[in-house]
Structures are given as structure tokens and as C-alpha cells.
Amino acid sequence: AYDFLKSHSAVDSVEFAVRMMEDNTLFNAGTGAMMQSDGIQRMDACIIDGYRNKGGAVAQISGVKNPIEVARMVMEKTQHCLIVGEEAQKFAYLNGIGRYVTVTKESIERWLKIKEDTHYGTVGAVAIDMDGKIAAGISTGGWATSLPGRVGDVPIIGGGTYANEQVGVSCTGHGEKISKAILAGAV
């Protein structure tokens, strides 16, 4: 990833790093995302360009491989910060993101074994590029016992991730506690 950063912007590098983790079933994001209590995967992601003071996020999105890519599209192609649910999914498809089933054998087995609220870990990245520009990104599948429609800290700018010209932050942990503290933005 360092070699990638040497020739790319901080935003490109953050998206690249988060995409790599979303593509790995060992992480609770993208392909490895946990299913919610009703057995459906709904993912959240956010990316922030600290230099340009811009951010984009998606919440409760399904049917895409890399939610971080859709979050970046929200940042780059709209005037909005956050798009949710089926509308986020439609936005992704209208902008060339292919349909993708992220449910894997591993995610089903993990979901079936969970007997209590367990959090397998949000993924995130922070980068500073050769020009000193900072970006941050984050992606999650939430936790297996969450209610359908639950949105935690991840897609909330300043909640689970934040970047400006001086600092970048990406959090993991209990989303409700992070949200209440506005943890990432409290730097």
C-alpha cells in the first residue's frame, strides 16, 4: 500500500486500502460483512478528503462489493454527504457499479454461530500523501444482532471517521458510543 501512496493521492490511497479489506472475507466489511438480525447484509461506508473538506457516505447499502467506492461517488458526483438504503444501491447501479452478492459461506456460518452481540471489527484507513493532503475512510457490516435499519457511527461524518488539513481519524468499536461522543470529530 505504501508504494501505491507514493504515486497516488491520499483519497485514492484510502479508497484502495479500504477496498482491499472489503474484498477479504476475514473482515466485517464488503464481502465479509455481517448480516443483521434478519439475515440481510446492510453495509455502511464513509470517505473524507480533508484537504477539500468534502465527504461522502452510504448507509444500509446492499448488493455492492465495495461500499467505500459508492461513498466516494457520493462525495465526487453529488452535493450530498449521505445516501441510504435502496436509494444508495440505485445510485451505485446508475453510476456503473455492478450488482454483487456479498453473502459468503463464511458470513452465513459466522452469523449462525453468534449467540450474543459480537462485533468483528470495522475497517478503516487514514493516509497523508506526498503533498501533505490527508484523507480518511471507513467501512463496516455492523454487528449480527443489530436491528434492520440500524445506523451506527460509520457513515456519520465526524462520528466514525474524520479528516481535515491537519488530522485524519478512523474509529472502530461500539458505534452507538462512538456516535454519542462524536469521537472522530472531537479531535
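Colleague: Which residues does V14 touch, not counting residues up to four places away in sequence?
Modeller: Keep in mind that we're looking at a predicted model. V14 is one of the residues that touch the most other members of the largest nonpolar core. Leaving out residues up to four places away in sequence, V14 touches I47, A125, V126, A127, A135, A136 and G137.

Colleague: Okay, and which helices and strands each supply at least two residues of this core?
Modeller: The core in question has 31 residues, and I47, V58, I61, V64 and V70 are among those that touch the most other members. In general, nonpolar side chains in soluble globular proteins tend to be buried together. The elements that each supply at least two residues here are α2 (10-22), β1 (43-49), β2 (54-61), α3 (67-77), α4 (85-94) and β4 (123-128).

Colleague: How many residues are in the other core, the one with C46 and I48?
Modeller: That core lies apart from the largest one. Besides C46 and I48, its members include A136 and V154. The number of residues in that core is eight.

Colleague: Is F16 buried, exposed or partly exposed?
Modeller: Buried means under 20% relative accessible area and exposed means over 50%. F4 has 22%, so F4 falls in between. F16 has 29%, so F16 also comes out as partly exposed.

Colleague: Which residue has its charged end over the ring of Y51?
Modeller: Look at the ring of Y51 and find the charged end that sits over it. That charged end is 4.3 Å from the ring centre. It belongs to K133.

Colleague: And which ring does R150 lie over?
Modeller: R150 is in the loop between β5 (134-140) and β6 (161-163). Its contacts, leaving aside neighbours within four places in sequence, are Q36, Q60, G142, W143, G175 and E176. At 4.1 Å from the ring centre, R150 lies over the face of W143.

Colleague: Is R150 buried or exposed?
Modeller: The side chain of R150 makes a polar contact with the side chain of E176, at 2.8 Å. As for accessibility, R150 has a relative accessible area of 15%. Buried means under 20%, so R150 is buried.

Colleague: Where does G185 lie, and which residues is it in contact with, leaving aside neighbours within four places in sequence?
Modeller: G185 lies in the segment after α6 (175-181). At 34% relative accessibility, G185 counts as partly exposed. Leaving aside neighbours within four places in sequence, G185 is in contact with G158 and Y162.

Colleague: Zooming out, what radius of gyration does the protein have?
Modeller: The C-alpha atoms fill a box of roughly 45 × 35 × 30 Å along the principal axes. For 187 residues, a compact globule would have a radius of gyration near 16 Å. The protein's value agrees with that: 15 Å.

Colleague: Last one: what pattern does the protein follow along the sequence?
Modeller: The protein has six helices and seven strands. Read along the sequence, they follow the pattern α-α-β-β-α-β-α-α-β-β-β-β-α.

Key: Residues are numbered from 1 along each chain as its sequence is written. This is a predicted model: local features need pLDDT of at least 70, side-chain atom pairs count only at pLDDT 80 or more; totals for chains, interfaces and linings use all residues. Side-chain values use heavy atoms; hydrogens and water are left out. A nonpolar core is a set of buried Ala, Val, Leu, Ile, Met, Phe, Trp, Tyr and Cys residues joined through side-chain atoms within 4.5 Å. Buried means under 20% relative accessible area, exposed over 50%, partly exposed in between (1.4 Å probe, protein chains only). Contact means heavy atoms within 4.5 Å. A charge sits over a ring if NZ of Lys or CZ of Arg is within 6 Å of the ring centre and within 35 degrees of the ring normal. A polar contact is a pair of N or O atoms within 3.5 Å; within protein, one must be able to donate a hydrogen and the other to accept it, and residues adjacent in sequence count only if both atoms are side-chain atoms. The radius of gyration is taken over C-alpha atoms; the globule rule is 2.2 Å times the number of residues to the power 0.38.
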